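Biologist: I'm new to this structure and would like to learn how to read its charged side chains. Could you walk me through them?

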Amino acid sequence: MAHIVDRFEGDYAILLEGDAALEVVKAALAEGIAEGDAVSLGEDGIWRKDTAETEERKERIAKKMKALWE
């Protein structure tokens, strides 16, 4: 299951999965990970961007925002 990068605090990234938060050292993230990205833990212990989930999530949010302003 994908986690969402909520924010960065110092040397840590705060990942959310439902109501649970997880602190992960930034060094355990693949390069280019940003706030709002969906990430999954690889077998090598590195969190990598789940591009499909990230794009789907952004589209859902954009649709909700558009509906809100219509």
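This is a predicted model: local features need pLDDT of at least 70, side-chain atom pairs count only at pLDDT 80 or more; totals for chains, interfaces and linings use all residues.

Biologist: Which side chain does Arg48 meet in a salt bridge?

Modeller: First the general idea: side chains of opposite charge can pair when their charged atoms come close. Here the partner of Arg48 is Asp44, at 2.4 Å from N to O. Asp44 is partly exposed too, with a relative accessibility of 49%.

Biologist: How many salt bridges are there by this rule?

Modeller: The count comes to 5. One of them joins Lys49 and Asp37, at 3.8 Å from N to O. Lys49 lies in strand 5 (residues 47-49) and Asp37 in the loop between strand 3 (20-25) and strand 4 (38-41), so this pair ties together parts that are 12 residues apart in sequence.

Biologist: Is Asp37 buried or exposed?

Modeller: Asp37 is buried, since its relative accessible area is 3%.

Biologist: Which residues are linked in a network of salt bridges?

Modeller: That network links Asp6, Arg7 and Glu9. Within this group, the side chains of Arg7 and Glu9 meet at 2.6 Å, again from N to O.

Biologist: What is the relative accessibility of Arg7, and what is the relative accessible area of Glu9?

Modeller: Arg7 has 34% and counts as partly exposed. Glu9, with 39%, is partly exposed as well.

Methods:
Residues are numbered from 1 along each chain as its sequence is written. Side-chain values use heavy atoms; hydrogens and water are left out. A salt bridge is a side-chain nitrogen of Lys or Arg within 4 Å of a carboxyl oxygen of Asp or Glu. Buried means under 20% relative accessible area, exposed over 50%, partly exposed in between (1.4 Å probe, protein chains only). Helices (H or I, at least four residues) and strands (E, at least two) are DSSP runs, numbered from the N terminus.
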